[in-house]
Amino acid sequence: RWLGQFDQAKQHYQSALQLSNGSPGAHRGMALILYAQGKDEKGLSHWSVFEKAQGDGEARVRELMGDK
């Protein structure tokens, strides 16, 4: 963000999403870039995928640890 290389970063995150659409980190990165560019609706779409993945991950860890 500080370098202002949004286009290059966006290309990298898009490539990551093409390889693995379920990549939470790529969705997070895309959301942050889109928010910074004022594209809130598109950013929210990616952020929602990221948040869902985070929640699913926490639930899976609790399941593996025997917590309910």
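**View 1. Confidence along the chain.** This is a predicted model, with a mean pLDDT of 84 for the chain (pLDDT is the predictor's confidence in each residue, from 0 to 100). Of the residues, 81% reach 70 or more. Among the elements, helix α2 (residues 24–36) has the highest mean pLDDT, 92. Helix α3 (residues 40–65) has the lowest, 81. Residues are numbered from 1 along each chain as its sequence is written, and side-chain values use heavy atoms, without hydrogens or water. Local features need pLDDT of at least 70 and side-chain atom pairs 80 or more, while totals for chains, interfaces and linings use all residues.

**View 2. The helices of the chain.** The chain has 3 helices and 0 strands. Helices (H or I, at least four residues) and strands (E, at least two) are DSSP runs, numbered from the N terminus. From that end, the order is α-α-α. Buried residues (under 20% relative accessible area, 1.4 Å probe, protein chains only) make up 18% of the 68 residues.

**View 3. Helix α1 against helix α2.** Helix α1 (residues 6–19) packs on α2 at about 150 degrees, with axes 9 Å apart. Axes are lines fitted to C-alpha atoms over the stretch in contact, and angles run from 0 to 180 degrees between N-to-C directions. The pair is therefore roughly antiparallel (over 145 degrees).

**View 4. Residues of the α1–α2 contact.** Contact means heavy atoms within 4.5 Å. From α1, the residues include F6, Y13 and L17. From α2, they include G25, M30, I33 and L34. The contact residues divide into 10 nonpolar, 4 polar and 1 charged. Ala, Val, Leu, Ile, Met, Phe, Trp, Tyr, Cys and Pro count as nonpolar, Asp, Glu, Lys and Arg as charged, and the others, Gly among them, as polar.

Terms used. Parallel < 35°, antiparallel > 145°, perpendicular 65-115°, else oblique. Buried < 20%, exposed > 50% of the residue type's maximum accessible area, 1.4 Å probe, protein only.
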